[in-house]
Amino acid sequence: MVRVVPELPEGPWWEWDVLPAQPGLFVLGADFDLSYHHGLELRFYEPVFVQCPEYFMDPVFREATAAEVERVAEVAGGLPEVLVAFECDAGGAGPETGLIAARRLETVTGVVFRYWREQVEPGQRRAPWVRPPGE
C-alpha cells in the first residue's frame with residue numbers, strides 16, 4: 001500500500017467537487033471557480049473506500065494516520081494500493097476529513113467545460129454530462 005500525498009500541478013485549486021464517473025472510477029474536479037469549468041482531476045481507479053464531501057474547498061493533503069490505514073483495511077478487506085487523506089472546508093463548523101482508497105491514482109490537467117461550447121481547442125474538452133442544446 002502507498003500512502004499518497006498527491007503532488008498537484010501549480011494552480012489555484014480552491015474549489016473541489018465529486019464528478020459523475022463510470023463504475024470503477026471516482027473523480028474529484030478542482031479549479032479556482034467551478035461555475036463554468038475545472039482544470040484538474042484526481043482520478044481514483046477501482047475505489048474500495050471513499051469518505052469525501054460532495055463539494056469542498058481548500059483541501060490540505062497529508063499522509064494517512066495509522067488509525068485511518070487500519071480502518072480502511074478493515075472495511076476494504078485488506079490494504080489498498082493507494083490511500084489519500086486530506087482535511088478540507090466543507091461548509092460545516094470545522095474541517096472535514098477526506099479519505100479515499102483505490103487501486104490507482106491519476107492526475108489529469110486541462111480545461112474541462114461544464115457547459116456546452118461548440119468549439120474546443122486542443123487540451124480542452126467538455127465534461128461527459130454536457131450535451132448540445134436541445135438534446
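E46 is placed in the loop between strand 4 and strand 5 (49–51), where strands (E, at least two residues) and helices (H or I, at least four) are DSSP runs numbered from the N terminus. The structure is a predicted model, in which local features need pLDDT of at least 70 and side-chain atom pairs count only at pLDDT 80 or more, while totals for chains, interfaces and linings use all residues. Residues are numbered from 1 along each chain as its sequence is written, and side-chain values use heavy atoms, with hydrogens and water left out.

The phi angle of E46 is near 50°, a positive value in a residue other than glycine. With a relative accessible area of 44%, E46 is partly exposed; buried denotes under 20% relative accessible area, exposed over 50%, and partly exposed the range in between (1.4 Å probe, protein chains only). A positive phi in a non-glycine residue is also found at D58, with a value near 45°. D58 belongs to strand 6 (residues 55–62) and is partly exposed, its relative accessible area being 43%.

The protein chain contains 1 helix and 10 strands, in the order β-β-β-β-β-β-α-β-β-β-β from the N terminus. Its radius of gyration is 16 Å, close to the 14 Å given by the globule rule for 135 residues, so the chain is as compact as a globular protein of that length. This radius is taken over C-alpha atoms, and the rule is 2.2 Å times the number of residues to the power 0.38. Along the principal axes, the C-alpha atoms fill a box of roughly 50 × 30 × 25 Å. Of the 135 residues, 39% are buried. Contacts (heavy atoms within 4.5 Å) between residues at least 6 apart in sequence join residues at least 24 apart in 54% of cases.

The accessible surface of the chain comes to about 7,600 Å², with 51% belonging to carbon and sulfur atoms; areas come from the Shrake-Rupley method with a 1.4 Å probe, and for residues only the protein chains shown count as cover. There are 11 positive and 22 negative side chains, and the centres of the two sets lie 6 Å apart. Lys and Arg count as positive and Asp and Glu as negative, with His and the chain ends not counted; each charge is placed at NZ of Lys, CZ of Arg, CG of Asp or CD of Glu.

R43 is located in strand 4 (residues 37–45), and its side chain makes a polar contact of 2.8 Å with the side chain of E41. A polar contact is a pair of N or O atoms within 3.5 Å; within protein, one must be able to donate a hydrogen and the other to accept it, and residues adjacent in sequence count only if both atoms are side-chain atoms. Beyond four places in sequence, R43 touches residues including L25, R104 and R125. L25 lies in strand 3 (residues 25–31) and is buried at 13% relative accessibility.

R114, in the loop between strand 9 (104–113) and strand 10 (124–126), is buried, with a relative accessible area of 15%. Its side chain joins that of D17 in a polar contact of 2.9 Å. F86, in strand 7 (residues 82–89), is buried at 0% relative accessibility. Leaving aside neighbours within four places in sequence, the contacts of F86 include C52, F56 and L99.
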